[in-house]
Amino acid sequence: MTHKIVTLAGDGIGPEIMAAGLQVLEAVAEKIDFDYALEAKAFGGAGIDAAGHPLPQDTLDAAKEADAILLAAIGSPQYDNAPVRPEQGLLAIRKELNLFANIRPVKIFDALKHLSPLKAERIEGVDFVVVRELTGGIYFGDHILEVDKARDINDYSAEEIRRIMVKAFEIAQGRGKKVTSIDKQNVLATSKLWRQVADEVAKDYPDVTLEHQLVDSAAMIMITNPARFDVVVTENLFGDILSDESSVLPGTLGVMPSASHSADGPSLYEPIHGSAPDIAGQGVANPISMILSVAMMLRDSFGENAGAAMIEKAVDATLAAGVLTRDIGGTASTAEMTAAIIANL
Ligand code: IPM
Ligand code: MG
């Protein structure tokens, strides 16, 4: 069976790291006999340039028909004050494909430990997953801006909370069996419902421990004792903030992948970092987050666990061997890093 993968290279360093990710995919596919077909589509600033919209209709149609979607990066200073911005494409594709579950693994690479802003003893054993609700909450409520007042509506239905909670518990079952649900229950009605649903869902997973944390203290724990987290689940806005906080623990954004899942449609995989316009086109971007996004795709969308593990091990080995791009203290180019990872497969 041929798996259909839609690729959205986007802007800035996007096309360079996408090329790297696809080279690794090609090399692994040969080893594991994975049959796939690629379809490249315009998205983000590239979508605006091609079709006047960051998510052109033709891109959306292809994405809906895909078995999985790989996205590299979007955004460009050229659109900073434009009426239509690349980021709108991101929100639109999340909503259109119902990608309600955003998964961001946070782990420390042995070879990069020294880059973490935290002291060595604080990052010892850090290995957790942020599960962010991605299609509800304040992001998608009404945004009302008047001359001298403004309002943003935060809406959650119990069902929206339940499905992200189920995702978090399922992930926890395959890991450390602990869920930390984060809310602001001492103030917000949506958070009171959030906590109630979390407690209900927990009953179906007796092997998993549930703890609740308020978002402000969770932000502190993430810096003072991040090793205590296993699976962190939270609403859209808190997840946006906390996932950025968590992403600095490994000391670089350049190595972190993510996945966004719907209930039954195609999932989308992307690096957590942006399009880095300052280094675009120079061939020096770190391709690892894109390459690890390919690994996540192989595992989550296609059940190709061996292929995924092969990529992850090759990345570990390459970093351990001291092949490092500029952002992580080395001099390797994107092409050199990619070639080294392929050689280590
Ligand atoms: C992210 C980004 C987006 C978000 C922006 C670009 C709209 O920060 O994916 O975390 O806030 O969700
Ligand atoms: Mg964000």
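**Figure 1. Asp244 has its place in helix H9, which spans residues 236-247.** Helices, meaning DSSP runs of H or I with at least four residues, and strands, meaning runs of E with at least two, are numbered from the N terminus. Asp244 is partly exposed, with a relative accessible area of 46%. Here, buried means under 20% relative accessible area, exposed means over 50%, and partly exposed lies in between, using a 1.4 Å probe and protein chains only. A word on what you are looking at: this is a predicted model, in which local features need pLDDT of at least 70 and side-chain atom pairs count only at pLDDT 80 or more, while totals for chains, interfaces and linings use all residues. Residues are numbered from 1 along each chain as its sequence is written, chains are lettered from A and ligands numbered from 1 in the order in which they are written, and side-chain values use heavy atoms, with hydrogens and water left out.

**Figure 2. The annotated binding site brings together Asp216, Asp240 and Asp244.** The "binding site" label comes from an unreviewed UniProt entry. These residues are spread over 29 residues of sequence, yet they cluster in space, with a largest C-alpha distance of 14.5 Å. From this set, Asp240 and Asp244 belong to the lining of the second largest pocket. UniProt positions follow the numbering used here, feature names are shortened, and annotations may be inferred rather than shown by experiment. For the pocket search, a 1 Å grid is laid over the protein atoms alone: a cavity is a set of points where a 1.4 Å probe fits but cannot get out, whereas a pocket is an open set with protein on both sides within 12 Å along at least five of seven lines, and lining residues have an atom within 4 Å of a point.

Figure 3. With a relative accessible area of 42%, Asp216 is partly exposed.

**Figure 4. Ligand 1 sits in the second largest pocket.** A molecule is said to sit in a cavity or pocket if more than half of its atoms lie within 2 Å of its grid points. Around ligand 1 you will find Glu87, Arg94, Arg104, Arg132, Tyr139 and Asp240; a residue counts here if one of its heavy atoms lies within 4 Å. An oxygen atom of ligand 1 is 2.5 Å from an N or O atom in the side chain of Tyr139. For Arg132, a polar side-chain atom lies 2.9 Å from an oxygen atom of the ligand, and for Arg104 the side-chain N or O atom is 3.2 Å from a ligand oxygen. Taken alone, ligand 1 exposes 320 Å², of which the protein buries 72%. Accessible areas come from the Shrake-Rupley method with a 1.4 Å probe, and for residues only the protein chains shown count as cover.

**Figure 5. Asp33 and Ala276 each have a positive phi.** Most residues other than glycine have a negative phi. Asp33 has a phi of about 60 degrees and lies in the loop between helix H1 (14-32) and strand S2 (36-40). At 71% relative accessibility, Asp33 is exposed. The phi of Ala276 is near 40 degrees, and this residue is found in the loop between strand S12 (267-271) and helix H10 (288-302). Ala276 is partly exposed, at 22% relative accessible area.

**Figure 6. Ser262 reaches the backbone of Gly265.** A polar atom of the Ser262 side chain lies 2.8 Å from the backbone nitrogen of Gly265. Ser262 belongs to the loop between strand S11 (257-261) and S12; its relative accessible area is 7%, so this residue is buried.

**Figure 7. Ile5 and Ala66 are 61 residues apart along the chain, with 5.7 Å between their C-alpha atoms.** Ile5 is part of strand S1 (residues 3-10) and is buried, with a relative accessible area of 0%. In another such pair, the C-alpha atoms of Val84 and His53 are separated by 7.3 Å and the residues by 31 positions. Val84 lies in the loop between strand S3 (68-73) and helix H4 (86-96), and is partly exposed at 30% relative accessibility.

Note on methods. A polar contact is a pair of N or O atoms within 3.5 Å; within protein, one must be able to donate a hydrogen and the other to accept it, and residues adjacent in sequence count only if both atoms are side-chain atoms.
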